Amino acid sequence: MAMPLESPITFSNVGKIRWWQRGIFASQTGYVLLALAVLLVIMHFASPYFFTEGNMQNVAKNFSFIAIATLGVTFVIITGGIDLSVGSMMCFSAMITSMVMTELSTPGSPAGSLFVHMAADGKTVLANVPGLILLVSILAGLGVALLAGLVNGFCIAVLGLSPFVTTLGMLSIVRGLGYVVSNGRGSFPGGPDADYFYALTSGDVLGVPMPFIYLVILALAMAVVLHHSSFGRHVFALGGNEKAAELTGIPVVRVKIEVYVICALAAGLQGIIISGWLGSAPANMATSYELNVIAAAVIGGANLAGGIGGPLGAIVGCVLLEVIRNGLVLAQVSSYWQQTLVGVIIILAVLVDRVRSRMT
């Protein structure tokens with residue numbers, strides 16, 4: 001027989017956590033988002049040109065140029081790893097894409113006869129199947145990125161090499177290969193599909209830059225994968241405690257290889273898009289971009305120790321860096337200050353997150 005309680009049972013920890021102490025409001029991403037809002041207000045009053053349509057399109061296009069690669073490197077950082085080869089990977093993928101496009105568009109070349117022919121005037125080159133050269137070229141560019149990602153993942157996950165050392169070596173290997181295949185001159189997209197290439201990389205839809213559209217699609221896909229799939233749960237588990245993840249049956253080696261492949265593919269796609277905006281793929285393209293990409297991910301809340309990160313933080317970090325850069329240009333401040341400010345912001349973001357963690 002149940003005995004009546006003299007006083008009802010209460011739980012002291014229920015109802016103590018307020019809404020601003022949960023979810024995104026309690027994360028580093030939330031603080032950075034608030035700082036970004038304050039910065040936007042300051043820029044609105046500091047420059048009458050900041051919120052113009054042309055400048056907003058410029059900001060959206062510029063931060064999209066590093067944000068796609070930032071999404072990829074965020075996967076790696078969540079697992080507790082790092083990828084320093086993303087900048088070189090951007091350059092090499094863009095270079096291979098341009099070189100393949102030009103090679104396949106040259107009548108008389110070994111593979112050119114399969115894709116193009118001369119028009120009746122004997123001067124104009126026509127594609128046998130419009131868009132096919134572009135598709136093959138992009139697949140070639142992404143293919144080399146996939147191979148580099150596989151090598152990174154294999155060395156780190158199977159051979160047990162340090163991610164920092166492995167990707168630092170890949171940074172040099174890929175950059176060197178870019179100089180070798182182009183003889184240091186870079187490459188230019190050409191041929192009958194060049195117009196398609198520029199439309200897909202530097203064009204816009206109703207005023208919205210194409211890179212921004214790709215970013216939104218990929219960020220939504222990343223959010224679904226991270227938070228609504230077993231692969232996403234494995235990625236977070238790996239970053240939280242690799243030994244525990246292995247003991248619970250998570251395929252640690254496979255997941256590690258997959259995140260480095262995803263990171264390389266994102267960097268390769270980013271490089272192809274940038275080459276469309278530049279109109280070429282120079283051999284020194286995207287030099288030191290890996291620092292901006294990793295900085296944006298860390299500022300947005302990705303923890304270098306692993307276990308924390310997401311697409312929203314990656315995008316917020318990229319937007320913050322671009323707004324600062326754009327603001328410095330409008331204020332006619334030397335662009336050299338940008339690197340200094342980025343370093344200060346990284347330290348402040350980590351410091352604020354550490355203080356917040358100790359207070360909760």
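Buried means under 20% relative accessible area, exposed means over 50%, and partly exposed lies in between, with a 1.4 Å probe and protein chains only. The model is a predicted one, in which local features need pLDDT of at least 70 and side-chain atom pairs count only at pLDDT 80 or more, while totals for chains, interfaces and linings use all residues. Residues are numbered from 1 along each chain as its sequence is written, and side-chain values use heavy atoms, leaving out hydrogens and water.

How confident is the predictor? The protein averages a pLDDT of 86, and 91% of the residues score at least 70; pLDDT is the predictor's confidence in each residue, from 0 to 100. Confidence is highest in helix α4 (residues 132-158), at a mean of 95, and lowest in helix α13 (residues 336-359), at 73. Helices (H or I, at least four residues) and strands (E, at least two) are DSSP runs, numbered from the N terminus.

Now look at helix α2 (residues 53-78) alongside helix α10 (residues 252-278): their axes come within 7 Å and cross at roughly 170 degrees. Axes are lines fitted to C-alpha atoms, for helices over the stretch in contact, and angles run from 0 to 180 degrees between N-to-C directions. The two helices, α2 and α10, are therefore roughly antiparallel to each other, a label for angles over 145 degrees, whereas under 35 is roughly parallel, 65 to 115 roughly perpendicular and the rest oblique. Among the residues of α2 in this contact are Phe65, Ile66, Val73 and Phe75, and α10 brings residues including Tyr260, Leu269 and Trp277. Contact means heavy atoms within 4.5 Å. By class, the contact of α2 with α10 has 18 nonpolar, 4 polar and 1 charged residues. Here Ala, Val, Leu, Ile, Met, Phe, Trp, Tyr, Cys and Pro count as nonpolar, Asp, Glu, Lys and Arg as charged, and the others, Gly among them, as polar.

Next come the aromatic rings. Rings of Phe, Tyr and Trp (its six-membered ring) pair if their centres lie within 6.5 Å; planes under 30 degrees apart are stacked, over 60 edge-to-face and the rest tilted. By this rule there are 5 aromatic pairs. One of them joins Phe63 and Phe212, with centres 6.0 Å apart and planes at 85 degrees, so the pair is edge-to-face. Phe63 lies in helix α2 and Phe212 in helix α7 (residues 210-227), so the pair ties together parts that are 149 residues apart in sequence. Phe63 is buried at 6% relative accessibility, while Phe212 is partly exposed at 27%. The rings of Phe75 and Phe231 have centres 6.3 Å apart and planes at 40 degrees, so this pair is tilted. Phe231 is buried, with a relative accessible area of 16%.

Helix α12 (residues 311-330) holds Glu322, which is buried at 7% relative accessible area. Leaving aside residues up to four places away in sequence, Glu322 touches Val59, Asn62 and Phe63.

Finally, visit two loops. Asn183 has a positive phi of about 60 degrees although it is not a glycine; it sits between α5 (163-182) and α6 (194-202) and is exposed at 55%. Leu206, in the loop between β3 (204-205) and β4 (208-209), has a phi near 55 degrees, again positive in a residue other than glycine. Leu206 is exposed, with a relative accessible area of 87%.
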